[in-house]
Amino acid sequence: LIQEIFLDPVITPTGVSYEKSFIKNFFQKHGPQDPFTRTYLDPNIVFNNNALKSLVRNNPNLQKWIKYE
């Protein structure tokens with residue numbers, strides 16, 4: 001949806017990953033719904049996607065695009 005490299009990815013029960021800041025903003029604007037499916041999504045069951053985070057951080061081809069804060 002935002003077409004950027006994940007810095008702090010989270011995953012939903014449906015298996016879709018989002019950037020944490022994106023999903024937080026989405027919840028604030030639209031309430032507890034999945035941005036992709038538009039179905040109810042309990043914010044308490046959105047978890048860090050550590051596998052994806054590690055994959056992105058350890059990929060040398062992506063390092064030039066990542067801006068760590």
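Which residues does valine 46 touch, not counting residues up to four places away in sequence? The answer is Val10, Ile11, Thr12, Phe27 and Leu41. I will come back to several of these. Please keep in mind that this is a predicted model.

Let me start with the overall layout. The chain has 69 residues, and 26% of them are buried. There are two helices and three strands. Going along the sequence, the pattern reads β-β-α-β-α. Of the contacts with a separation of 6 or more, 41% are between residues 24 or more positions apart.

Now the sheet. Its three strands form an open sheet, and their order is β2-β1-β3, with antiparallel pairing. β2 and β3 are the edge strands, as each of them pairs on one side only. Helix α1 packs on this sheet and touches β1, β2 and β3. The direction of α1 makes about 85 degrees with that of β2. As for the pairing of β1 with β3, two bridges join them, and the two strands run antiparallel. If you want a residue to look for there, isoleucine 11 stands opposite phenylalanine 47 in β3.

Next, helix α1, which covers residues 20–30. Which of its residues are buried? They are Ile23, Phe26 and Phe27. Looking down the axis of α1, you find these buried residues within an arc of 100 degrees, so they line one face of the helix. What covers the buried residues of α1 includes β1 and β2. On the face turned away from the buried side, α1 carries the exposed residues Lys24, Gln28 and Lys29. After α1 comes glycine 31, with a positive phi near 85 degrees.

The largest nonpolar core consists of six residues: Val10, Tyr18, Ile23, Phe27, Leu41 and Val46. As a general point, nonpolar side chains in soluble globular proteins tend to be buried together.

Leucine 41 is one of the core residues, and it sits in the loop between α1 and β3, where β3 is residues 47–48. Is leucine 41 buried or exposed? Its relative accessible area is 4%, so leucine 41 is buried, the cut-off being under 20%. Leaving out residues up to four places away in sequence, leucine 41 touches Thr12, Pro13, Ile23, Phe27, Pro32, Gln33, Asp34 and Val46.

Threonine 12 is on that list of contacts, and it also turned up in my opening question about valine 46. Threonine 12 is found in the loop between β1 (9–11) and β2 (17–19). Threonine 12 counts as buried because its relative accessibility is 6%. With the same exclusion of residues up to four places away, threonine 12 touches Tyr18, Asp34, Leu41 and Val46. How far apart in sequence and in space are leucine 41 and threonine 12? They are 29 residues apart in sequence, and 8.0 Å apart in space from C-alpha to C-alpha.

The last topic is charge pairs. The count comes to two salt bridges. In one of them, aspartate 8 pairs with lysine 20, and the closest N and O atoms are 3.8 Å apart. This pair links distant parts of the chain: aspartate 8 is in the segment before β1 and lysine 20 is in helix α1, twelve residues apart. Aspartate 8 also meets lysine 53 in a salt bridge between their side chains, at 3.6 Å from N to O. This pair too links distant parts of the chain, since lysine 53 belongs to helix α2 (residues 50–57) and the two residues are 45 residues apart. Asp8, Lys20 and Lys53 are therefore linked in a network of salt bridges.

How accessible are these charged residues? Aspartate 8 has a relative accessible area of 24%, which means it is partly exposed. Lysine 20 is partly exposed, with a value of 25%. Lysine 53 is partly exposed as well, with a relative accessible area of 25%.

Terms used: Residues numbered from 1 in each chain as written. Predicted model: local features only at pLDDT ≥ 70, side-chain atom pairs only at ≥ 80, totals over all residues. Heavy atoms only, no water. Core = buried A, V, L, I, M, F, W, Y, C linked by side-chain atoms within 4.5 Å. Buried < 20%, exposed > 50% of the residue type's maximum accessible area, 1.4 Å probe, protein only. Contact = heavy atoms within 4.5 Å. Helix = DSSP H or I, 4+ residues; strand = E, 2+ residues; numbered from the N terminus. Arc of directions from axis to C-beta. Pairing = 2+ DSSP bridges. Axes fitted to C-alpha atoms, helices over the stretch in contact; angles between N-to-C directions. Salt bridge = Lys/Arg side-chain N within 4 Å of Asp/Glu carboxyl O.
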